[in-house]
There are 2 protein chains.
Amino acid sequence: MSKILIVEDEPNIRMGLTDNLQFEGYEVDIAEDGEMGLKMILDGNYNLIILDVMMPKLSGFDVCRTVRGKNIDTPIILLTAKGEEIDKVLGLELGADDYITKPFSLRELLARIKAVLRRSNTPTQGTGTGYEVTIGKLCVNFQSYSAKIDGQNTKMSHKEFEILKFLLAHKNETVSRNELLEKIWGYEEQPTTRTVDNFILKLRQKIEENPNHPVIILTAHGIGYKLLA
Amino acid sequence: MSKILIVEDEPNIRMGLTDNLQFEGYEVDIAEDGEMGLKMILDGNYNLIILDVMMPKLSGFDVCRTVRGKNIDTPIILLTAKGEEIDKVLGLELGADDYITKPFSLRELLARIKAVLRRSNTPTQGTGTGYEVTIGKLCVNFQSYSAKIDGQNTKMSHKEFEILKFLLAHKNETVSRNELLEKIWGYEEQPTTRTVDNFILKLRQKIEENPNHPVIILTAHGIGYKLLA
DNA sequence: ATAGAAATTTGAAGTTAACTTAATTTACAG
DNA sequence: CTGTAAATTAAGTTAACTTCAAATTTCTAT
């Protein structure tokens, strides 16, 4: 069974998580701050790390960055507080595999844990950690927010980056337009689903060899879109 | 359609919510205070509970805690007043699925309701093995809505997924065409029973080694179909 | 502040895919 | 055999997606 490390300073959340994950059958270790967490990550051999962002000594961001810098690609799920929304982007940029905003429901966290573990177990999984990814004829760098097509620099908007990132984080899964709206735009803003279509259009034009016959970002009629990789 | 319980002491909000949610097609029950709410939760069978925090007798916090203590995991959305100390711990400690601060926009609440219901409907939780099933030569993943035949990705429509899911849920039982129409299409739509045949045909072509002589999806003459597993 | 540029959002027309129906052929049960 | 039910095919209908252009909002630099 999978071994999970929880790095979290707030005792309530830490204990709540520990209990629940153990109940779900995971083996759980805990660290009470970033420093301790980092040490345990470097020592231990975990299948998944749950990392609070807001912590004394070393923030979750710092830990994540350091870990990835050492080429350790253990899956990481970030816990962020509401309002740290801007940092959502950062999280994945840092090489985290997923994030969830507090307060979160246990149900959702469990679902994400399973999803991340499942993805990391698939042998087809490349590193996934690097900042640079090539999809079709597009090469994007999520750290510098730059993109190239055939070696030529090309412009890409912030939302385009975000959506592509989300699709990559859920590659080979069909994601619905509403899921994208929820995760990229949030609940406060509620654009039409057409808006999503438009971004898919733009992404396809950048990614696909032949945008009229997409082979990477596929549409699943009545369901959503799926990025193959 | 989903059944929602509103637990809210302020008559205006209560009625406003009730009207709007009914208009959206939800079945709505109401409770006027925490005590009454708790009783109804324990009695009734709801898909979602909208729970005000500030209430006489029993606060929303109390109700939430009690409900979760009894291992009832109906999704809960908390209504909190602005300024109310709702810290990050909330979600986990109390087990609520989401919250929204008053005054809130109806649109946002509706979006959250939909999201929570969608999450709770996914068969994500439960057994560890999950959503991948192999039937005959077809391998389907109900989470990502993807399907493979002999390792090759293949297209499957939304309805095909739904019907297959239903047949699997009732494997080794004979289900009538009308049962399928009722459960998959609902009462509003009423296609011919021939429509069902067409989907069975498509499923057989994907599942059966020899679609002309099905051995997995059998026909029960004059009755319906049966999926063997 | 304000103008100009860029990005986002929306609506509508066009296109494609999925669904439904009807019609024909084949299989089944009495 | 015969009548009825199911499988199959093809054509019609509906719903969903794509695309484009125009309108709006947001951003940037003056």
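**Figure 1. Contact between chain A and chain B in the predicted model.** In this predicted model, 30 residues of chain A are in contact with 31 residues of chain B. The size of an interface is often given as the accessible area lost when the parts come together. Between chain A and chain B, about 2,900 Å² is buried, and carbon and sulfur atoms give 52% of that area.

**Figure 2. Salt bridges and polar contacts between chain A and chain B.** Two salt bridges are counted between chain A and chain B. Arg112(B) and Glu188(A) meet through their side chains in a salt bridge, with a distance of 3.9 Å from N to O. On the side of chain A that touches chain B, the elements giving two or more residues are helix 1 (11-23), helix 5 (106-121) and helix 7 (177-185) of chain A. Helix 5 of chain A gives the most to this side, with six residues. Sorted by class, the side of chain A that touches chain B has 12 charged, 10 nonpolar and eight polar residues.

**Figure 3. The largest nonpolar core, with Val140(B), Leu164(B) and Ile217(B) among its members.** This core has 28 residues, and Val140(B), Leu164(B) and Ile217(B) touch the most other members. At least two core residues come from each of these elements of chain B: strand 7 (138-141), strand 8 (146-149), helix 6 (158-169), helix 7 (177-185), helix 8 (193-207) and strand 12 (224-227). Helix 6 of chain B gives the most, with six residues. Leaving aside residues up to four places away in sequence, Val140(B) touches Tyr131(B), Glu132(B), Val133(B), Ile135(B), Ser146(B), Ala147(B), Met156(B), Phe161(B) and Leu164(B). A second, separate core has 27 residues, including Ile163(A), Leu167(A), Ile200(A) and Ile207(A).

**Figure 4. The cis peptide bond from Lys102(B) to Pro103(B).** Omega for this bond is near -5 degrees. Pro103(B) sits in the loop between strand 5 (98-102) and helix 5 (106-121) of chain B. Most residues other than glycine have a negative phi, and most peptide bonds are trans.

**Figure 5. Asp150(A), a residue with positive phi.** Asp150(A) is not a glycine, yet its phi is positive, at about 55 degrees. The loop that holds Asp150(A) runs between strand 8 (146-149) and strand 9 (152-154) of chain A. Asp150(A) counts as exposed because its relative accessibility is 65%, and the cut-off for exposed is over 50%.

**Figure 6. Tyr145(B), a residue with positive phi.** Tyr145(B) is not a glycine either, and its phi is positive, at about 55 degrees. Tyr145(B) is placed in the loop between strand 7 and strand 8 of chain B. With a relative accessible area of 22%, Tyr145(B) is partly exposed.

**Figure 7. Thr193(B) and the residues it touches.** Thr193(B) lies in helix 8 of chain B. Thr193(B) counts as partly exposed because its relative accessibility is 24%, and partly exposed is the class between buried, under 20%, and exposed, over 50%. Thr193(B) and Arg177(B) are 16 residues apart along the chain, and 6.0 Å separates their C-alpha atoms. Not counting residues up to four places away in sequence, Thr193(B) touches Arg177(B), Asn178(B) and Leu181(B).

Technical notes: Residues are numbered from 1 along each chain as its sequence is written. Chains are lettered from A and ligands numbered from 1 in the order in which they are written. This is a predicted model: local features need pLDDT of at least 70, side-chain atom pairs count only at pLDDT 80 or more; totals for chains, interfaces and linings use all residues. Side-chain values use heavy atoms; hydrogens and water are left out. A nonpolar core is a set of buried Ala, Val, Leu, Ile, Met, Phe, Trp, Tyr and Cys residues joined through side-chain atoms within 4.5 Å. Buried means under 20% relative accessible area, exposed over 50%, partly exposed in between (1.4 Å probe, protein chains only). Helices (H or I, at least four residues) and strands (E, at least two) are DSSP runs, numbered from the N terminus. Contact means heavy atoms within 4.5 Å. Buried area is the accessible area (1.4 Å probe) that two parts lose on being put together, summed over both. A salt bridge is a side-chain nitrogen of Lys or Arg within 4 Å of a carboxyl oxygen of Asp or Glu. A polar contact is a pair of N or O atoms within 3.5 Å; within protein, one must be able to donate a hydrogen and the other to accept it, and residues adjacent in sequence count only if both atoms are side-chain atoms. Ala, Val, Leu, Ile, Met, Phe, Trp, Tyr, Cys and Pro count as nonpolar, Asp, Glu, Lys and Arg as charged, and the others, Gly among them, as polar.
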